[in-house]
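This report describes the fold and selected local features of a single chain. The sequence and the structure are shown below.

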Amino acid sequence: MARLVPANSRAITSGIVYRGKAIPELTGTYVFGDYIKQQLFTLTIDPGTGEPVTTALDAVAGPAATWVSLAEDDNGEISAVATSSIRLLMAAAPTPRSHD
């Protein structure tokens with residue numbers, strides 16, 4: 001896992017594979033949070049190079065938060081749990097911003 005997440009990540013707190021239907025572009029993508037950076041990210045593997053690609057989900061997740069867990073409902077939608085709130089991730093996928 002250390003090889004797959006950005007080098008400047010601080011505290012990966014939770015992760016889950018997205019299986020919902022609200023954001024088709026994320027289906028099968030690993031979603032995780034960084035407690036210290038207060039951001040949510042996706043992790044995919046580039047099929048051409050086999051290298052990890054990490055993308056910030058700033059546009060979907062909204063304001064920064066201290067993410068402590070991710071949960072999946074019966075429909076495969078993900079809720080991100082922070083120390084101060086719970087947010088359901090149901091929005092269009094963001095424009096990728098690579099963090100290699």
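Where does Gln 38 lie? In this predicted model, Gln 38 lies in the loop that connects strand 2 (30-34) with strand 3. Its backbone has a positive phi of about 60°, although Gln 38 is not a glycine. The residue is partly exposed, with a relative accessible area of 30%.

**Overall architecture**

The chain contains one helix and seven strands. Read from the N terminus, its elements follow the order β-β-β-β-α-β-β-β. Of the 100 residues in the chain, 39% are buried. The accessible surface of the chain amounts to about 5500 Å², and carbon and sulfur atoms account for 54% of it. Where contacts link residues at least 6 apart in sequence, 49% of them join residues at least 24 apart.

An open sheet is formed by four strands in the order 1-2-3-4, with antiparallel pairing. Strand 1 (12-17) and strand 4 (52-56) are the edge strands; each has a single partner strand, so one side of each is left without a neighbour in the sheet. From one strand to the next, the twist averages 25°.

Strand 3 (residues 39-45) and strand 4 run antiparallel and are joined by five bridges. Within this pair, Ile 45 stands opposite Pro 52 of strand 4.

Ile 12 belongs to strand 1 and counts as partly exposed, at 34% relative accessibility. The C-alpha atom of Ile 12 is separated by 9.7 Å from that of Ser 69, although the two residues are 57 residues apart along the chain.

**The hairpin of strands 5 and 6**

Strand 5 (residues 67-72) and strand 6 (residues 78-82) also run antiparallel, and five bridges join them. Ala 71 has Ser 79 in strand 6 as its bridge partner. Five residues lie between the two strands of this hairpin, where Gly 76 takes a positive phi near 85°.

**Surface features and the salt bridge**

A nonpolar patch on the surface is formed by Tyr 35, Ile 36 and Val 68, which together have about 240 Å² of accessible area. Ile 36, like Gln 38, is found in the loop between strand 2 and strand 3. With a relative accessibility of 49%, Ile 36 counts as partly exposed.

How many salt bridges does the structure hold? There is one salt bridge in the structure. Glu 72 forms it with Arg 19, and the closest N and O atoms are 4.0 Å apart. Glu 72 lies in strand 5 and Arg 19 in the loop between strand 1 and strand 2, so the pair ties together parts that are 53 residues apart in sequence. In general, side chains of opposite charge can pair when their charged atoms come close. Glu 72 is partly exposed, whereas Arg 19 counts as exposed.

The relative accessibility of the residues discussed above is collected in the following table.

| Residue | Relative accessible area | Class |
|---|---|---|
| Ile 12 | 34% | partly exposed |
| Arg 19 | 51% | exposed |
| Ile 36 | 49% | partly exposed |
| Gln 38 | 30% | partly exposed |
| Glu 72 | 36% | partly exposed |

Arg 19 is classed as exposed because its value of 51% falls over the 50% cut-off.

Notes
Residues numbered from 1 in each chain as written. Predicted model: local features only at pLDDT ≥ 70, side-chain atom pairs only at ≥ 80, totals over all residues. Heavy atoms only, no water. Pairing = 2+ DSSP bridges. Axes fitted to C-alpha atoms, helices over the stretch in contact; angles between N-to-C directions. Buried < 20%, exposed > 50% of the residue type's maximum accessible area, 1.4 Å probe, protein only. Contact = heavy atoms within 4.5 Å. Areas by Shrake-Rupley, 256 points an atom, 1.4 Å probe, with all protein chains shown as cover. Patch = residues over 30% accessible without salt bridge, like charges linked within 9 Å, V, L, I, M, F, W, Y side chains within 5 Å. Salt bridge = Lys/Arg side-chain N within 4 Å of Asp/Glu carboxyl O.
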